[in-house]
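Here are a few notes to read alongside the model, dear colleague. Please keep the structure open as you go.

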Amino acid sequence: MKNKEFYIPVTAGLIISIAAVILMLFISKECALICALISGALMALFIVYTDKRYRAISRLNDYLSLVCAGNYDLAPEKNAEGELSILQNNLLKVISQLNTQNEVIEADRLYLADSLADISHQLKTPLTSMLVASELLEKEENEAKRKELSELINKQCGRMSWLIQTLLKLSRLDAGTAELNNAELSVGDIIDGALEPFMLTMDLKNISVKKSVNEFTFKGDRNWSVEAFQNIIKNCIEHTADGGCLTLITDETTVYKRIIIKDNGCGISKEDLPHVFERFYHGKNSSDESVGIGLALSKTILNKENASLSVTSEEGEGASFEIKFYKSVV
């Protein structure tokens with residue numbers, strides 16, 4: 001009797017029933033008795049049915065209280081009533097969505113913690129090297145040795161700068177704050193722009209470049225596309241021995257436009273292959289200088305441009321990276 005939705009109808013029903021019984025007394029006692037019995041039966045039916053509804057609502061309320069406390073594993077009792085059953089089903093849908101979002105948030109939290117740990121580790125290595133070199137530089141009197149230590153510090157500064165810039169780029173892409181233009185790009189122009197910074201390195205390592213470029217255009221952002229290609233080329237060069245070869249091939253089918261970038265270096269082991277595009281992953285053939293985010297950045301950029309990036313490799317036989325720009329998004 002705590003709910004006015006309950007006691008107001010009951011009170012009104014009692015008043016109406018009493019009035020009806022009194023009126024029936026003017027006709028006959030039998031009519032008054034029948035009226036009283038019918039009114040009592042209807043009132044009892046209403047009270048039982050309403051009490052059952054309120055008990056079901058109370059159970060749902062208790063269940064929601066547990067959900068608010070973070071317990072998503074409980075299942076409410078089945079309810080056969082029409083409108084309550086619909087309400088319960090809708091609540092279950094909302095709770096299921098909340099549970100899924102909670103799992104996603106927890107996974108993101110763990111991923112962020114792991115990423116911060118990886119970033120801290122990656123920054124700690126060059127920073128420690130720089131601190132040690134700086135201390136030695138203060139005490140070193142030999143000019144040649146001082147120059148060597150200075151070069152080491154500069155090299156580690158460059159490594160840290162590249163790492164921080166790459167992480168910022170990834171963060172911008174993940175957050176959706178990076179603006180990618182959607183312009184028609186020439187594949188030959190993008191390949192030339194991506195190769196340009198590595199020409200000296202390849203010359204020093206005597207790495208030859210073979211290009212078989214069938215010109216086509218694709219939609220994307222020039223700067224970001226060059227960045228994606230450069231990281232793939234950089235990975236290939238790092239894993240190619242002196243005197244090796246870098247090959248770039250482009251072709252086109254009715255379904256997609258394709259770029260293949262491959263080397264004849266050490267290749268990727270079978271167990272490392274599924275993890276190549278994971279951030280901060282280090283395979284057994286990775287160099288000590290490798291951070292493990294270049295290829296992850298390339299894949300993120302290309303996915304933003306509705307392209308796919310995959311790799312095939314046999315250990316000791318090089319790696320082949322395949323980029324596909326689909327003519328219709330699939």
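This is a predicted model: local features need pLDDT of at least 70, side-chain atom pairs count only at pLDDT 80 or more; totals for chains, interfaces and linings use all residues.

1. Residues are numbered from 1 along each chain as its sequence is written, and side-chain values use heavy atoms, with hydrogens and water left out.

2. Phe 325 has a partner. The count of aromatic pairs comes to three, taking rings of Phe, Tyr and Trp (its six-membered ring) with centres within 6.5 Å; planes under 30 degrees apart are stacked, over 60 edge-to-face and the rest tilted. Phe 218 and Phe 325 are stacked, at 4.1 Å centre to centre with 25 degrees between the planes. Phe 218 sits in strand β3 (residues 217–220) and Phe 325 in strand β7, 107 residues apart; strands (E, at least two residues) and helices (H or I, at least four) are DSSP runs numbered from the N terminus. Phe 218 counts as buried too, because its relative accessibility is 3%.

3. Another pair, Phe 277 with Phe 321, is edge-to-face: 6.4 Å centre to centre and 70 degrees between the planes. Phe 277 belongs to the loop between β5 and α8 and Phe 321 to strand β7, so this pair ties together parts 44 residues apart in sequence. Lys 299 lies over the face of Phe 277, 5.0 Å from the ring centre (the rule: NZ of Lys or CZ of Arg within 6 Å of the ring centre and within 35 degrees of the ring normal).

4. Have a look at Arg 258, in strand β5. Its side chain makes polar contacts with the side chains of Asp 251 (2.6 Å) and Glu 322 (2.9 Å). A polar contact is a pair of N or O atoms within 3.5 Å; within protein, one must be able to donate a hydrogen and the other to accept it, and residues adjacent in sequence count only if both atoms are side-chain atoms.

5. Finally, helix α4 (residues 143–175): its 33 residues should span 48 Å at 1.5 Å a residue, which agrees with the 48 Å between its end C-alpha atoms. The expected span is 1.5 Å times one less than the number of residues. Asn 142 caps the N-terminal end of α4, with a side-chain oxygen 3.0 Å from the backbone nitrogen of Ala 144. Just after α4, Gly 176 takes a positive phi of about 75 degrees.

Key:
Buried means under 20% relative accessible area, exposed over 50%, partly exposed in between (1.4 Å probe, protein chains only).
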